[in-house]
Amino acid sequence: MKFNTKTIHGKQQHDPSTGAVMPPIYQTSTYAQTSPGEHKGYEYSRTGNPTRTALENAFASIENGNYGLAFGSGLAAIDCVLKLLKPGDEVISTNDLYGGTYRIFTQIFEQYGIKFHFIGMKNAATIEAYVTKNTKIIWVETPTNPMLNIIDIKAVARVSKKHSILLAVDNTFATPYLQNPLDMGADIVMHSATKYLGGHSDVVMGALIVNDKELATKLYFIQNSCGAICGPMDSFLVLRGIKTLHVRMQRHCENGKIIAIYLAQHPKVENVFWPGFESHPNHKIAKEQMRDYGGMLSFSTKGNRMKDAFTVVENLNIFTLAESLGGVESLAGHPASMTHAAIPREEREKIGVVDSLIRLSVGIEDQEDLIADLEQALALI
Ligand SMILES: *Cc1c(COP(=O)(O)O)cnc(C)c1O
């Protein structure tokens, strides 16, 4: 089955009792048993719920994995992965990282004795110097947020395999429409399904997808033991979202490209960060490992003034100033004061999150309207 078909039919079945084409929202916490321990596969909805099962199967299908797990948020999914670790274990992570991921690593898991190394991974060879006998996970985000750096997943997987370390890839920005990390040697794919998989800015959810049975068993055990699951209604919404992922992504990519090109020639714009430009430092890798370049981009304005960035984001009319990304509507954000405010200024500037940086999640509206909106807002600075 090819990708577009998988988003709609992958590992799905019509409801066995009624033939309903979409799985019902099984709004139940428990399931009748005929004799103690004798049931139809479901006992209690923290452990399993049929609507969530349908979604978890869809997650697995679109990422070319064997097992999918759904959580109450992307961070709950990350939390589950980190609970594979014990005190003394070490994680090597991308330094240009989603702010909330940085926060859970440093402010929650460091206090349990897990050690994190945050490093630039534009060149995968740099990772090796940080590997110790305690390294258990390499955590990669690509494209990165918000600088749109590209990390060579296959090259990182060679390092992780050589040292028997798990490679986890946060695939939120790219989505399985653009890249499938499991096919490139990753062990765990993580998603904030809040973003493109849900796609309509109406639900918060996380996902993990793996191939290895033993790893899946451990993760299911943590999911059930810690209980950070999502409800049946949210499962239904994300399942519905996934069915249009491919058509939405196609338009996100088309609009992202047009806007990146428009901004790059704008006299008030300093830099545009978008992996589709040949001048992008890892454009070659992006071209190899991604099928297109996505709808996320960032740009800075000339003079690097915070007040100019504020003027732009406050005066956009079609782009909404908001956290989050990946919905059908275009959003603009100011990473230094919003998504990345949890990262100390010094760390933030080292990775390029300067005061004038604006991040766009380009939606699927008409290109002309989006460009006219940017034009009028940039004219005010
Ligand atoms: C939003 C996001 C997360 C966190 O997911 P939530 O659903 O908000 O908990 C993690 N990684 C990336 C890249 C994100 O954009």
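This is a predicted model: local features need pLDDT of at least 70, side-chain atom pairs count only at pLDDT 80 or more; totals for chains, interfaces and linings use all residues.

**Entry 1, the sheet.** I started with an open sheet of five strands, which runs β8-β9-β12-β11-β10 with mixed pairing. Which strands stand at the edges? They are β8 (269–273) and β10 (320–321), and each has a single partner strand, so one side of each has no neighbour in the sheet.

I then looked at how β10 is held. Its pairing with β11 (residues 331–333) is parallel and takes two bridges. For Leu 321, I found Ala 332 in β11 as the bridge partner.

Next I went through the omega angles. The bond from Thr 142 to Pro 143 came up as cis, with omega near -5°. Pro 143 sits in the loop between β4 (135–141) and α5. The bond from Asn 145 to Pro 146 is also cis, with omega near 5°. I placed Pro 146 in the loop between β4 and α5.

Which residue has a positive phi although it is not a glycine? I noted Asn 64, at about 55°. Asn 64 belongs to the loop that links α2 (50–62) with β1 (67–71).

On the contact between them, I have 43 residues from domain 1 and 43 residues from domain 2.

How much area do the two domains bury between them? I get about 3,500 Å², with 62% of it on carbon and sulfur atoms. I looked for salt bridges between domain 1 and domain 2 and the count is zero. Polar contacts are another matter: the rule finds 21 residue pairs across this interface, both residues at pLDDT 80 or more.

**Entry 5, domain 1's side.** Which elements give two or more residues to the side of domain 1 that touches domain 2? My list reads α1 (3–9), α4 (99–109), α5 (153–162), α6 (175–178) and α8 (232–242). I also sorted that side by class and got 22 nonpolar, 16 polar and five charged residues.

Conventions
Residues are numbered from 1 along each chain as its sequence is written. Side-chain values use heavy atoms; hydrogens and water are left out. Contact means heavy atoms within 4.5 Å. Buried area is the accessible area (1.4 Å probe) that two parts lose on being put together, summed over both. A salt bridge is a side-chain nitrogen of Lys or Arg within 4 Å of a carboxyl oxygen of Asp or Glu. A polar contact is a pair of N or O atoms within 3.5 Å; within protein, one must be able to donate a hydrogen and the other to accept it, and residues adjacent in sequence count only if both atoms are side-chain atoms. Helices (H or I, at least four residues) and strands (E, at least two) are DSSP runs, numbered from the N terminus. Ala, Val, Leu, Ile, Met, Phe, Trp, Tyr, Cys and Pro count as nonpolar, Asp, Glu, Lys and Arg as charged, and the others, Gly among them, as polar. Two strands pair if DSSP finds at least two bridges between them.
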